[in-house]
Amino acid sequence: MMNETHTQQKATAKVIPISAASGWWPVFKSYNDVVIDSRVPGWLVPLLNRLKHLKNFLVNNIQKLLFFSFIILSLASCKKESLDNVNDIPGLGGDAWETSYIDTWISDSLTEPFNIAVKYKWDQFELSLNKTLVPPKEDKIIPALSAVKKVWIDTYIAETDSLFMKKYVPKFFALCGSASWNTDGTITLGTAEGGRKVVLYVLNDFRTRGMSGYVASDSFNIKQMFHTIEHEFAHILHQTIMYPKEYKSISVGFYTSNWNNVSDANARRDGFVTAYAESSPDEDFVEMVAMMLIEGKAGFEAIINSIPTGTSANNTTQAQAISRLRQKEATVVSYFKETWGIDFYRLQTRVRAQVVNLIK
């Protein structure tokens, strides 16, 4: 029994009478020094034993207890924020807004017929987080998207059908007011992600003939915007069904990562329609598609005729440069016909006519 065990301890040990217990706390470093004799009631022995273990625990672990107490108090001192009304948090339900005439137009013109969603409200997470960008102005949204529909969607539908565009058109557009500047001094005017999402930049500079403040130089921004769209859509097409592999051999050995240090004029002397076309065969192909559509047949012929006599810095003759561009043109035309059943020259005529309506 517990009481018997304690009463058998050696008589030489110091005995603390229970009547004097209130005064022995400072005397002992540990309750291990305590001997409880037979005068201590049996019912009190378990309690004293527990106190002994508690005292030793506190002495041995005082540093740990102080540390954890500090952590608990620090956490308790943090201000508790209520998350009851998550509808006020942007991105978690708080980005809802009343439907405006812009949303109605987008729904009627793009979402309902083609399942295209457009985000024009500012959301940096749809764009590059390491770039300085600005939101699009709301008065630019409908004019720009209306032009996109006329120049790009309607012209393809006229040469194919609405099912073609419903199938291959990207389903999400994000709009940005400014250009996206890169560290090498170039700018990104648009991007396409896996054929699903397209980002259009520089929307705040969009002005067509008839819009307030329009000047002739604004035609450059308009053509650049549609060049970007046609460029990205051509990527979607060739990533769905690849263009003939022979295309890659036309300018083999002339592709370079330093294309941004080459002017369009010098690139054409080597048989490229733009300097960016020098970056890779894929970019070469889609640049041909975009330039031929936006500039039209007469504009493309003007590019051909702009190549001067003599040789380029890479020893390409005028005849060689023209030959390469003609081979690329022929491959683009046959690819559209044989792969998609599209008469490229008729599509070219339609696209160019719509561009002209916007700038002249």
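# Helix contacts, a pocket and a loop

Ala147, Lys150, Val151, Thr155, Tyr156, Ala158 and Glu159 of α4 touch Arg346, Leu347, Arg350, Val351, Gln354, Val355 and Leu358 of α11. This is a predicted model. Sort the residues of this α4 and α11 contact by class, and eight are nonpolar, two polar and four charged.

Now look at the two helices themselves. Helix α4 covers residues 138-159, and helix α11 covers residues 344-359. Their axes come within 9 Å and cross at roughly 160°. Angles over 145 degrees count as roughly antiparallel, so α4 is roughly antiparallel to α11. The crossing of α4 and α11 is right-handed.

Helix α11 has another partner to follow. The axes of α9 and α11 come within 6 Å, with a crossing angle of roughly 60°. Here too the crossing is described by its hand: α9 passes α11 in a right-handed crossing. On the α9 side, the contact uses Val289, Met292, Leu293, Ile294, Glu295, Gly296 and Lys297. On the α11 side, they meet Phe344, Tyr345, Leu347, Gln348, Val351, Arg352 and Val355. This contact of α9 with α11 holds nine nonpolar, two polar and three charged residues. Leu347, Val351 and Val355 of α11 are in contact with α4, and these residues of α11 are also in contact with α9.

From α9, move on to α6. Helix α6 runs over residues 218-240, and helix α9 over residues 281-305. The axes of α6 and α9 come within 8 Å and cross at roughly 135°. That angle makes α6 oblique to α9. The hand of the crossing is right-handed as α6 passes α9. From α6, the contact takes Lys223, Phe226, His227, Glu230, His231, Ala234, His235 and His238. From α9, it takes Asp282, Glu283, Phe285, Val286, Glu287, Val289, Ala290, Met291, Leu293, Ile294 and Glu295. By class, the residues of the contact of α6 with α9 are nine nonpolar, four polar and six charged.

Next comes the largest pocket. About 1,000 Å³ of space lies in it. Its lining is made by 36 residues. Which residues lie nearest the centre of the largest pocket? They are Ile187, Leu189, Gln224, His227 and Tyr276. His227 also belongs to the α6 side of the contact with α9. Several elements give two or more residues to the lining: β4 (187-188), α6, α8 (264-268) and α9. Helix α6 supplies the largest share of the lining, 10 residues. The lining divides into 15 nonpolar, 13 polar and eight charged residues.

Last, turn to a loop. Glutamate 126 sits in the loop between β1 (117-119) and α4. Glutamate 126 touches Lys119, Phe172, Ala174, Lys197 and Val199, leaving aside residues up to four places away in sequence.

Leaving aside residues up to four places away in sequence, glutamine 124 touches Leu129, Lys131 and Leu133. Glutamine 124 and valine 134 are 10 residues apart along the chain. Their C-alpha atoms are separated by 9.1 Å.

Notes. Residues numbered from 1 in each chain as written. Predicted model: local features only at pLDDT ≥ 70, side-chain atom pairs only at ≥ 80, totals over all residues. Heavy atoms only, no water. Axes fitted to C-alpha atoms, helices over the stretch in contact; angles between N-to-C directions. Helix = DSSP H or I, 4+ residues; strand = E, 2+ residues; numbered from the N terminus. Parallel < 35°, antiparallel > 145°, perpendicular 65-115°, else oblique. Left-handed = near helix turned anticlockwise from the far one by under 90°. Contact = heavy atoms within 4.5 Å. Nonpolar A, V, L, I, M, F, W, Y, C, P; charged D, E, K, R; others polar. 1 Å grid on protein atoms, 1.4 Å probe; cavity = no way out; pocket = protein on both sides within 12 Å on 5 of 7 lines; lining within 4 Å. Points joined across faces, edges and corners; volume = space filled by probe spheres on them.
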